[in-house]
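Q: I am new to this structure and would like to go through it step by step. Could we look at it together?

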Amino acid sequence: MAHPIKHFLTITKHRHLVIRLCRRAGILIQGLRHDLSKYHPTEFLTGARYFTGHHSPNEEERREYGYSAAWLRHKGRNRHHLEYWTDYNRLERRTAGVKMPTRFFVEMICDRIAACKIYQGAEYVDRAPYEYYLHSRHAGLVHPETDRILNETLLYLAENGEERLFAQLREMVRADREAEKQRGRDRRAAKRAGGLAAKRRRKVMSLAQKEGERELRRSTDD
């Protein structure tokens, strides 16, 4: 039996919790866009049909069909999922993980915390996201650096609690924004340098052309 209202309330409650966590992490605007694709018919109707209230409906769809069409659509549109960051590796000749950008990594942490809180309710503890990570670890499909930071971050939450974790996440976001600003300054400086170099080359070519024309006129006059 489908449960569209219960599913709607669950995904909306989850989304609102992620938004609050993203605000604490310093990425509020990004959080406002979180999981909007879940309201699309392909994802929503599957969620309503397989709703249980204690785990993702996508798991039930997989049991029936061997795959989840809702999940395949969802992971291709939401960059806070590890599965989004895969591509063909030409050296290894296989699909492999790509390093996850910081802002989407932080959103993923908020998403994992919120999901555990929604499904576990009063039984939730700070170690729950780390336990889930260990249970569902993506061997071979996650970039090693992303996997290392994810393990360290969730373990830090388990051992130190949310307040200290979110202070760390805010610092990660701040450092990433500063690095992006510096990359922008470097690109603009390189562009200016390239423009000046091109201008100098054109000037040298123009002078050489004029000199060539003068030489040609002198030889003609002679």
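Q: Where does Leu9 lie?
A: Leu9 lies in helix α1. Helices here are DSSP runs of H or I with at least four residues, strands are runs of E with at least two, and both are numbered from the N terminus. This is a predicted model, in which local features need pLDDT of at least 70, side-chain atom pairs count only at pLDDT 80 or more, and totals for chains, interfaces and linings use all residues. Residues are numbered from 1 along each chain as its sequence is written, and side-chain values use heavy atoms, with hydrogens and water left out.

Q: Where is Arg202, then?
A: Arg202 lies in helix α9, which covers residues 162-221.

Q: Why does Arg202 count as exposed?
A: Arg202 counts as exposed because its relative accessibility is 53%. Exposed means over 50% relative accessible area, buried under 20%, and partly exposed in between, with a 1.4 Å probe and protein chains only.

Q: Turning to the inside, how many residues has the largest nonpolar core?
A: The largest nonpolar core has 31 residues, and Ile109, Ile113, Leu150 and Phe166 have the most contacts inside it. Two or more residues of this core come from each of α1 (4-25), α6 (102-120), α7 (128-135), α8 (144-160) and α9. Helix α6 gives the most to this core, with ten residues. A nonpolar core is a set of buried Ala, Val, Leu, Ile, Met, Phe, Trp, Tyr and Cys residues joined through side-chain atoms within 4.5 Å.

Q: How many salt bridges does the structure hold?
A: The structure holds 16 salt bridges. Each is a side-chain nitrogen of Lys or Arg within 4 Å of a carboxyl oxygen of Asp or Glu.

Q: Which residue forms a salt bridge with Arg24?
A: Arg24 pairs with Glu163, and their closest N and O atoms are 3.3 Å apart. This pair links distant parts of the chain, with Arg24 in helix α1 and Glu163 in helix α9, 139 residues apart. Arg24 is partly exposed at 26% relative accessibility, whereas Glu163 is exposed at 62%.

Q: Which residues are linked with these two in a network?
A: Lys117 and Glu162 are linked with Arg24 and Glu163 in a network of salt bridges.

Q: What about Glu64 and its salt bridge?
A: Glu64 forms a salt bridge with Arg49, where the closest N and O atoms are 3.4 Å apart. The pair joins distant parts of the chain: Glu64 is in helix α4 (residues 57-65) and Arg49 is in helix α3 (residues 41-49), 15 residues apart. Glu64 is partly exposed, with a relative accessible area of 43%, and Arg49 is partly exposed as well, at 44%.

Q: On to the backbone: what is phi of Asp35 near?
A: Phi of Asp35 is near 55°, a positive value in a residue other than glycine. Most residues other than glycine have a negative phi. Asp35 lies in the loop between α2 (28-32) and α3.

Q: Is Asp35 buried or exposed?
A: Asp35 counts as buried because its relative accessibility is 2%.

Q: And what about Arg93?
A: Arg93 also has a positive phi, near 55°. Its place is in the loop between β1 (86-89) and β2 (94-97). Arg93 is exposed, with a relative accessible area of 69%.

Q: Lastly, how far apart in space are Thr52 and His3?
A: Their C-alpha atoms are 8.7 Å apart, while the two residues are 49 residues apart in sequence. Thr52 is found in the loop between α3 and α4.
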